[in-house]
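My notes follow in the order in which I looked things up.

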Amino acid sequence: FCDGFVPARGETGLNPLSVVVRKGCDIFAWFMVVFGANVIIHGDLTPGGGFQGGAIVATFLTFLLVAYGGNRLLSWVNERFYTSLVGFGLLLFIGLAFMGFPTSFFYNFVSVTHEAAMAGGAHGIIPPSGTIALMDIAVGIEVAGGLSLIVIYMFKGIRLYETSPVGTECGHDR
């Protein structure tokens with residue numbers, strides 16, 4: 001806008017890319033969600049965890065934004081879904097923290113003993129880290145929802161800035 005560029009009516013600055021990029025996105029975007037879920041679920045035993053896995057899952061939305069363009073993405077996205085993910089993740093984390101409260105706050109009440117874990121105790125259902133694994137999942141849900149909302153709101157901010165009348169806000173000195 002400061003250089004005299006005025007976008008066409010309804011143009012958002014993020015138009016869809018080529019068919020090759022969109023097909024690549026169709027193939028690989030879901031792998032990012034699966035990989036992010038894997039990092040979240042196994043974060044208590046391997047490098048990664050809730051935050052890293054949630055960031056990988058949120059990258060899925062950014063990948064779609066770049067490949068398909070902003071208008072199409074906003075027609076697909078329901079912000080309330082991501083807001084509910086944030087709320088559910090936070091409530092799950094807080095709930096897990098208070099469930100161990102009779103002993104102490106954040107008490108690992110789901111853990112199995114080392115001997116039981118070595119003997120294959122709980123038939124592999126309960127992870128050796130106990131509540132830590134569940135809290136990793138809660139953090140992953142919250143971060144995936146929160147970072148996805150940040151991407152959506154940042155894009156909406158770009159749209160708002162690009163559709164403002166020429167001569168009003170220009171550059172970072174607003």
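I began with D136, which is found in helix α6 (residues 131-162); helices here are DSSP runs of H or I of at least four residues, strands are runs of E of at least two, and both are numbered from the N terminus. The model is a predicted one, in which local features need pLDDT of at least 70 and side-chain atom pairs count only at pLDDT 80 or more, while totals for chains, interfaces and linings use all residues. I also noted that residues are numbered from 1 along each chain as its sequence is written, and that side-chain values use heavy atoms, with hydrogens and water left out.

I found D136 to be buried yet without a salt bridge, the nearest side chain of opposite charge being R80, 29 Å away. For the terms, buried means under 20% relative accessible area, exposed over 50% and partly exposed in between, with a 1.4 Å probe and protein chains only; a salt bridge is a side-chain nitrogen of Lys or Arg within 4 Å of a carboxyl oxygen of Asp or Glu. As to charge, Lys and Arg count as positive and Asp and Glu as negative, while His and the chain ends are not counted. Leaving aside residues up to four places away in sequence, D136 touches I40, G43, D44, G49 and G50, where contact means heavy atoms within 4.5 Å.

I40 and Q52 are 12 residues apart along the chain, and their C-alpha atoms are separated by 7.4 Å.

I then looked up the helix pair itself: the axes of α1 (residues 19-41) and α2 (residues 50-68) come within 7 Å and cross at roughly 170°. That makes α1 roughly antiparallel to α2, since angles over 145 degrees count as roughly antiparallel, under 35 as roughly parallel, 65 to 115 as roughly perpendicular and the rest as oblique. The residues of this contact divide into 18 nonpolar, 7 polar and 2 charged.

**Further along α6.** S148, in helix α6, counts as buried at 3% relative accessibility, and it touches A58, L61, Y82 and V143, residues up to four places away in sequence not being counted. V151 also has its place in helix α6 and is buried, with a relative accessible area of 17%. Which residue did I find 89 residues from V151 in sequence, and how far off is it in space? It is T62, at 6.8 Å from C-alpha to C-alpha.

**The salt bridge.** How many salt bridges does the structure hold? I found 1, in which the side chains of K156 and E79 meet at 2.2 Å, N to O. K156 lies in helix α6 and E79 in helix α4 (residues 79-99), so the pair ties together parts that are 77 residues apart in sequence. K156 is partly exposed, with a relative accessible area of 32%, and E79 counts as partly exposed at 21%.

**Whole chain.** Among contacts between residues at least 6 apart in sequence, 70% join residues at least 24 apart.

Key
Axes are lines fitted to C-alpha atoms, for helices over the stretch in contact, and angles run from 0 to 180 degrees between N-to-C directions. Ala, Val, Leu, Ile, Met, Phe, Trp, Tyr, Cys and Pro count as nonpolar, Asp, Glu, Lys and Arg as charged, and the others, Gly among them, as polar.
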